[in-house]
Amino acid sequence: MNLIYTYLADRRFLWLLLIINTAGTLYGYYWYESQIAQTRTIYIPFVPDSPTASLFFVFVLAAFLLRTNWPLFEALAIITLFKYGIWAVAMNLLSLAVMGELPWQGYMLICSHGAMAIQGILYAPFYKMKLWHVLVAVVWTLHNDVIDYVFMQYPKYPGLEIYVQEIGYFTFWLSIIGAAIALYYARRCKQGRQLQLYGPRNM
């Protein structure tokens with residue numbers, strides 16, 4: 001495990017992740033382009049769920065490369081990366097089951113979003129979140145669920161509209177699990193058990 005954290009802390013690897021996540025974020029906003037064009041302005045910040053999650057992680061990586069921490073972005077990233085990473089994998093698999101086929105982009109989204117969920121947690125031992133950071137992130141996340149499934153601004157997957165209530169329930173519990181994960185790592189940080197990512201060795 002220590003070897004894994006050594007690679008995660010390598011600045012060359014951080015730069016690679018920053019480039020990949022920035023490109024993925026831009027592509028994600030492009031993927032939502034048609035839905036955003038039909039969305040009222042007030043809802044737009046809450047529509048592109050996955051790219052906004054990866055954008056939070058872009059800020060986390062940028063902070064690491066600057067040899068600092070931005071804990072609020074860490075809290076937002078760990079919850080939303082887990083939530084929307086797992087969500088997108090599940091939705092694409094459900095689409096495959098319902099439609100009987102999946103375009104190549106669907107398989108790409110399964111891989112990329114699975115990686116999203118993993119990377120947010122892999123870097124969690126380096127986060128310096130406090131309870132209030134997590135609480136703010138939880139409010140954002142649950143508010144996003146309300147926008148998606150009360151005001152019906154959820155990401156549109158053809159053929160899955162009939163399952164919107166079940167999907168909304170599933171999404172809510174992903175938010176709760178993500179919040180629990182963030183609280184766990186915030187508690188570790190409070191106990192002084194977080195790992196140091198930057199310092200004299202990385203100068």
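Which helix gives the most to the lining of the largest pocket? The legends below refer to a predicted model, and the first view takes up this question.

**View 1. The largest pocket and the helices around it.** The helix that gives the most to the lining is H2, with nine residues. At least two lining residues each come from H2 (11–31), H4 (49–65), H5 (71–99) and H6 (104–122). The volume of this pocket is about 450 Å³. Among the 24 residues that line the largest pocket, those closest to its centre are Gly24, Thr25, Ser112, His113 and Met116. Sorted by class, the lining has 15 nonpolar residues and nine polar ones, with no charged residues.

View 2. Helix H1 runs over residues 2–9, and its buried residues are Tyr5, Leu8 and Ala9. These three lie on the same side of H1 because they cover an arc of only 95° around the axis. In an α-helix there are 3.6 residues a turn, so residues three or four places apart point the same way. The buried residues of H1 pack against H2 and H6. On the face turned away from the buried side of H1 are the exposed residues Leu3, Thr6 and Tyr7.

**View 3. Two cysteines, Cys111 and Cys189.** Cys111 is exposed, since its relative accessible area is 58% and exposed means over 50%. Cys189 has 14% relative accessibility and therefore counts as buried, the cut-off being under 20%. The structure holds zero disulfides.

Notes
Residues are numbered from 1 along each chain as its sequence is written. This is a predicted model: local features need pLDDT of at least 70, side-chain atom pairs count only at pLDDT 80 or more; totals for chains, interfaces and linings use all residues. Side-chain values use heavy atoms; hydrogens and water are left out. On a 1 Å grid over the protein atoms alone, a cavity is a set of points where a 1.4 Å probe fits but cannot get out, and a pocket is an open set with protein on both sides within 12 Å along at least five of seven lines; lining residues have an atom within 4 Å of a point. Grid points are joined across faces, edges and corners, and a volume is the space filled by probe spheres set on the points. Helices (H or I, at least four residues) and strands (E, at least two) are DSSP runs, numbered from the N terminus. Ala, Val, Leu, Ile, Met, Phe, Trp, Tyr, Cys and Pro count as nonpolar, Asp, Glu, Lys and Arg as charged, and the others, Gly among them, as polar. A disulfide is a pair of cysteine sulfur atoms within 2.5 Å. Buried means under 20% relative accessible area, exposed over 50%, partly exposed in between (1.4 Å probe, protein chains only). The arc is that of the directions from the helix axis to the C-beta atoms. Contact means heavy atoms within 4.5 Å.
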